[in-house]
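Hi,

Here is the structure I promised to pass on.

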Number of protein chains: 2
Amino acid sequence: MSELIFLGGAHVNVLPGDSRGFAYGDGVFETMRVHHGNVHWWTAHRARMEAGAERLGLTLPSDLLIARAQHELFGRGHDGVAKLIVTRGGGARGYARDADAHPVWRYSRHPLPPAPREGGLVLRWCATALAVQPALAGLKHCNRLEQVLARGEWDDPAIDEGLMRSTEGDVVCATSANLFVLHGDRWSTPMVDRCGVAGTCRAWLLSQTGAAESRMRPADVESADAVLLCNAVRGILPVARIGEHAYSPHPAVAELRQRLARVHPGFAAGH
Amino acid sequence: MSELIFLGGAHVNVLPGDSRGFAYGDGVFETMRVHHGNVHWWTAHRARMEAGAERLGLTLPSDLLIARAQHELFGRGHDGVAKLIVTRGGGARGYARDADAHPVWRYSRHPLPPAPREGGLVLRWCATALAVQPALAGLKHCNRLEQVLARGEWDDPAIDEGLMRSTEGDVVCATSANLFVLHGDRWSTPMVDRCGVAGTCRAWLLSQTGAAESRMRPADVESADAVLLCNAVRGILPVARIGEHAYSPHPAVAELRQRLARVHPGFAAGH
């Protein structure tokens, strides 16, 4: 792992101790697949980050500054994962914002994740629920204690991911991925207007499948013909099992994975 | 402001860039009144922090380490505000926790807040609501975007604080203080089992007044004979106005302030 830390346009090397990111989780982030030095989905990541910045009143660094950081860490040819965290600047104690403060932001390089489990992921249901908060729903913000608690519910390496419901009982997502389910030839994915993150790979899948965004109960997931998880780092991940429910490999999932491999070179075979 | 930053027992001077505090708000904090070098309510702050650490599975630094940091920043005689943030250590990307990682923590010194407005505080109602999340309710954790959004709703210096409701409509607190209301001779304060923070000064006031912890609607606040806010840094703050509702100075509030001044020297007259 290597990293660059900035205050506005200045490379400052270290996080300020009084960062509002550290104090309040007052920021947004993106986690991105890098292939041969490029973030193929950058436009979508940028758009999602801008939506978050607008909602939270955050100032983002320019595309040029971010592109320079990307180039410095990944050069022309490296593969891996890039993580960008942008937090509100201004270090006074208290919740009041300083509109003129430059953002504190970090760009870091990480290895590619391991290949997904052969035959499909094994999931569980998490007990930790997601609170309903329309003011933050959909955003990839830095208040992630619910995900930390949910991921902390298991340490069995035979379990790959956990599905989360809202406090109202609706299925929302996995701890770090979105969820799609297939009934017949109809895809659907949980709405993210009350909680959850509007993922970049989710947006691509919506455009490809015409999936319905819906409220979904655990029984709707368990009764599906196929289930997949997705995120911008790992692409499309077939699901083999949720608790006691098993799913056979499905040609519709394989077809979507092939389609993704054709449009995003980071997810092509062998990567 | 001055600060000390630690990784476990080691003074490291700077925040690690891969801190989970910065990435996820994965920590808890305390903000404490310091009088003549001492945190008078330390036992209560420590107990609240331990409750948070237990719920989140965080490791806290020892009392001895914290006392040394306190002494280094405040010496024997300084007044001010101490802020302690304790975050989960372990820098790998992703939500999974490393149970063996030492905590990353920061102890900082800040000036005393300005004296409260003569005649009582002026409050408004915030539009930003608090999500209902029993898993985090009561804790002073570092996921504070809701408070940041609420405090961002106004910049009129004639407004001192904003009252927040839950997404279910119950009154919970101010952005950085708890709330008590008086009807006749009966005090009450909102429950903090679904959202909100179980404040240290709130706990003291509960013990002194026998206040009922209750679900409360805006009309219950507006119809009160007296309203006060409280926190561990500013003590008891009489409220003069909430929107169009005005409250006359009330002897019961004055009596509580005098009682607090007798037991906590930081809140004695002239401090």
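First, the ground rules. This is a predicted model, where local features need pLDDT of at least 70 and side-chain atom pairs count only at pLDDT 80 or more, while totals for chains, interfaces and linings use all residues. Residues are numbered from 1 along each chain as its sequence is written, chains are lettered from A and ligands numbered from 1 in the order in which they are written, and side-chain values use heavy atoms, with hydrogens and water left out.

Cavities and pockets

There are five cavities of 30 Å³ or more in the structure. (On a 1 Å grid over the protein atoms alone, a cavity is a set of points where a 1.4 Å probe fits but cannot get out; a pocket is an open set with protein on both sides within 12 Å along at least five of seven lines; lining residues have an atom within 4 Å of a point. Grid points are joined across faces, edges and corners, and a volume is the space filled by probe spheres set on the points.)

The largest cavity comes to about 430 Å³. It is lined by 29 residues, and A:Ala131, A:Glu146, B:Ala131, B:Leu136 and B:Glu146 are the closest to its centre. Helix 4 (145-151) of chain A and helix 4 (145-151) of chain B are the elements that give two or more residues to this lining; helices (H or I, at least four residues) and strands (E, at least two) are DSSP runs, numbered from the N terminus. The lining splits into 12 nonpolar, 11 polar and six charged residues. (Ala, Val, Leu, Ile, Met, Phe, Trp, Tyr, Cys and Pro count as nonpolar, Asp, Glu, Lys and Arg as charged, and the others, Gly among them, as polar.)

The second largest pocket has a volume of about 1,000 Å³. Of its 42 lining residues, A:Arg93, B:Glu161, B:Ser176, B:Asn231 and B:Arg234 are the closest to the centre. The lining divides into 21 nonpolar, 11 polar and 10 charged residues.

Strands in chain B

Six strands of chain B form an open sheet in the order 2-1-6-5-3-4, with antiparallel pairing (two strands pair if DSSP finds at least two bridges between them). Its edge strands are strand 2 (10-11) and strand 4 (38-39). Strands 5 (80-87) and 6 (104-110) of chain B are joined by seven bridges, with B:Val86 opposite B:Trp105.

Strand 7 of chain B runs parallel to strand 14 (235-242) over three bridges, and B:Leu121 has B:Val239 as its bridge partner there. Three bridges also join strand 7 to strand 8 (161-165), again in parallel, and B:Leu123 stands opposite B:Glu161.

Two residues to look at

B:Thr128 sits in the loop between strand 7 (121-125) and helix 4 of chain B. Is B:Thr128 buried or exposed? It counts as buried because its relative accessible area is 13% (buried means under 20%, exposed over 50%, partly exposed in between, with a 1.4 Å probe and protein chains only). Its side chain makes a polar contact of 2.6 Å with that of B:Glu153; a polar contact is a pair of N or O atoms within 3.5 Å, and within protein one must be able to donate a hydrogen and the other to accept it, with residues adjacent in sequence counting only if both atoms are side-chain atoms.

A:His245 is in strand 15 (245-246) of chain A and is partly exposed, at 33% relative accessibility.

Cheers
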